[in-house]
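I opened a structure that was new to me and kept notes as I went. The entries follow the order in which I looked things up.

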Amino acid sequence: MTDLRSWLAKVESFGELRHVRGAHWDTELGAIAELSYRTPEPKALLFEDIDGYASGRVLTGSTGSPRRLGHTLNLGDDLDDAAVVAALRGKPSVWAATARDHPTETVTGSPLLDNVVDGRDVNLLDLPVPRWHAEDGGRFIGTGCLVITCDPETGDVNGGCYRMEVVEDGRSATVAAVPGKHGAQHIRRWFDRGEKAPVVVSFGHHPVLLVTGGTEVPTGISELEYAGAILGERLPVLTGEHTGLPIPAGSEVAIEGWLSPEHLADEGPFGEWTGYYSGKRRPAPALEIAKLYHRDDPILLGAPPGKPPHDYSYMRTVMKSAMIEDALTAAGVPGIRGAWAHEAGGGRLFVAVSVETRYAGHSKQVGHLTAQLPAAAYMNRFVVVVDDDIDVANLDEVVWAMSTRCDPVRDIDIVGGTWGSKLDPMLVDGAPPYNSRAVVDATRPYERRTTFPKVSTGDPAYLAAVLAKWSDAIT
């Protein structure tokens with residue numbers, strides 16, 4: 001099933017959904033979600049009976065555990081961290097290759113059509129839109145949303161997850177599309193033609209669309225088709241009455257309308273995935289809404305970011321890691337043993353790659369290639385290459401390798417002028433969004449592979465035997 005309510009029923013059946021009743025939309029809901037993320041086993045939270053609202057619900061934490069992420073990605077419903085990583089290995093390239101075998105299926109009926117509101121009567125604040133963080137500039141309806149755009153020349157459809165603040169007393173919402181992302185490119189091409197950009201936004205849907213909208217799906221592949229490849233079935237869509245764009249038929253809430261360069265509204269700041277409030281309040285394109293569609297008692301899919309761990313940091317870490325490893329393998333680089341985009345860096349800023357070094361310069365090649373891969377380039381800050389005896393997902397081991405196998409003068413390369421972001425807390429206000437990145441070679445020097453000091457730890461097989469014999473003393 002490709003709708004949110006079927007997903008919720010399944011997640012509740014294996015005990016990972018918690019109902020929260022009576023929370024207030026103004027920061028309390030966000031604070032409860034933040035505290036939940038910090039627990040050892042965070043649950044998905046379905047906020048109901050939200051203070052001040054007779055109907056409407058908000059879901060958070062949809063992809064924040066291996067079981068929920070495994071179910072979302074159609075990998076299995078009973079996976080732990082290691083099993084999710086193993087099940088994902090090689091999958092992104094398969095999904096990309098088979099996406100076109102799963103074109104969307106146009107339908108004419110959906111519960112989404114139970115309530116249709118004309119643009120002039122729209123008030124988005126009739127929905128329980130949260131103000132997530134205390135210093136947010138307003139109420140953000142778009143955190144787990146899917147913003148659907150198309151290329152005016154090719155007709156290619158893109159779905160991206162961009163933040164959206166409710167403005168103009170509920171009549172509109174801004175779209176803060178990230179420069180360089182496919183959706184922003186589409187919008188810019190419409191503007192360059194002197195035309196409005198058609199846009200559809202879904203605000204509540206199967207979390208697979210949060211995954212595809214929040215990661216770098218390869219150029220030319222629709223996120224809707226990519227989601228179909230993940231789920232193994234075609235995604236049903238309605239055709240937007242005004243824009244002609246696809247609207248996920250399983251959506252809880254959706255709008256369609258247009259963006260234009262003349263229609264701007266101030267938005268922000270917002271507590272972003274870097275762990276900081278991003279920038280000052282500034283103008284962004286605001287939607288001219290033609291229609292609002294919603295189910296009865298609709299569910300908004302919330303994915304509020306913040307200092308990691310946050311709502312989607314686990315998902316992004318696991319997905320980006322798999323995509324980077326796949327991309328390195330597809331590039332023909334030998335010896336790749338693993339990649340991990342660490343959650344502490346928001347799944348982007350700090351990437352570790354392990355390699356079985358086979359020739360002089362191999363580790364440097366891997367590091368520089370990783371730093372500029374489409375799957376990893378956006379706002380990357382550090383790439384650390386380690387030997388294949390290091391667990392790339394274990395930050396302690398990665399730092400140990402950096403501390404003992406890296407000579408900073410020789411083994412750290414700094415690359416400037418690379419793809420940054422306006423969300424970067426290091427960016428000076430008004431400066432172009434470049435950043436620099438460090439490529440750290442924390443592998444044993446190639447010429448010393450056979451003479452480098454041995455690691456002073458027990459043989460794994462021997463340690464396992466000792467553990468079995470002395471478990472009462474050890475555990």
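**Entry 1: terms and ground rules.** I count two strands as paired if DSSP finds at least two bridges between them. Helices (H or I, at least four residues) and strands (E, at least two) are DSSP runs, numbered from the N terminus. The model is predicted, so I note that local features need pLDDT of at least 70 and side-chain atom pairs count only at pLDDT 80 or more, while totals for chains, interfaces and linings use all residues. Residues are numbered from 1 along each chain as its sequence is written, and side-chain values use heavy atoms, with hydrogens and water left out.

Entry 2: I looked up the open sheet of 3 strands and found the order 6-9-10, with antiparallel pairing. Strand 6 (140-142) and strand 10 (172-173) are its edges, since each pairs on one side only. Strand 9 (residues 164-167) and strand 10 are joined antiparallel by 2 bridges. In that pair, Val-167 stands opposite Ser-172.

**Entry 3: strands 15 and 16.** I then turned to strand 15 (residues 264-267), which runs antiparallel to strand 16 (residues 282-285) with 4 bridges between them. Asp-266 has Pro-283 of strand 16 as its bridge partner. I noted that the covered face of strand 15 holds Ala-265 and Glu-267, and the uncovered one Leu-264 and Asp-266. In a regular strand, side chains alternate between the two faces of the sheet.

**Entry 4: Ser-278.** The loop between strand 15 and strand 16 contains Ser-278. Is Ser-278 buried or exposed? Ser-278 is buried, at 7% relative accessibility. I use buried for under 20% relative accessible area, exposed for over 50%, and partly exposed for in between (1.4 Å probe, protein chains only). The side chains of Ser-278 and Arg-163 make a polar contact of 2.7 Å. A polar contact is a pair of N or O atoms within 3.5 Å; within protein, one must be able to donate a hydrogen and the other to accept it, and residues adjacent in sequence count only if both atoms are side-chain atoms.

**Entry 5: helix 11.** In helix 11 (residues 395-405), I found Val-398, Ala-401 and Arg-405 buried. They cover an arc of only 65° around the axis, so they sit on the same side of helix 11. The arc is that of the directions from the helix axis to the C-beta atoms. Asp-396 and Ser-403 are exposed, on the face turned away from the buried side. Among the elements covering the buried residues are strand 20 (350-355) and strand 23 (434-442). Contact here means heavy atoms within 4.5 Å. At the start of helix 11, a side-chain oxygen of Asn-394 comes within 3.0 Å of the backbone nitrogen of Asp-396.

Entry 6: Which residues have the most contacts inside the largest nonpolar core? They are Leu-59, Ile-141 and Met-164, in a core of 128 residues. Helix 9 gives the most to this core, with 8 residues. A nonpolar core is a set of buried Ala, Val, Leu, Ile, Met, Phe, Trp, Tyr and Cys residues joined through side-chain atoms within 4.5 Å. I also looked up Met-323, which lies in helix 9 (residues 313-330). Met-323 is buried, with a relative accessible area of 7%. Leaving aside neighbours within four places in sequence, the contacts of Met-323 include Pro-92, Tyr-226 and Ala-375.
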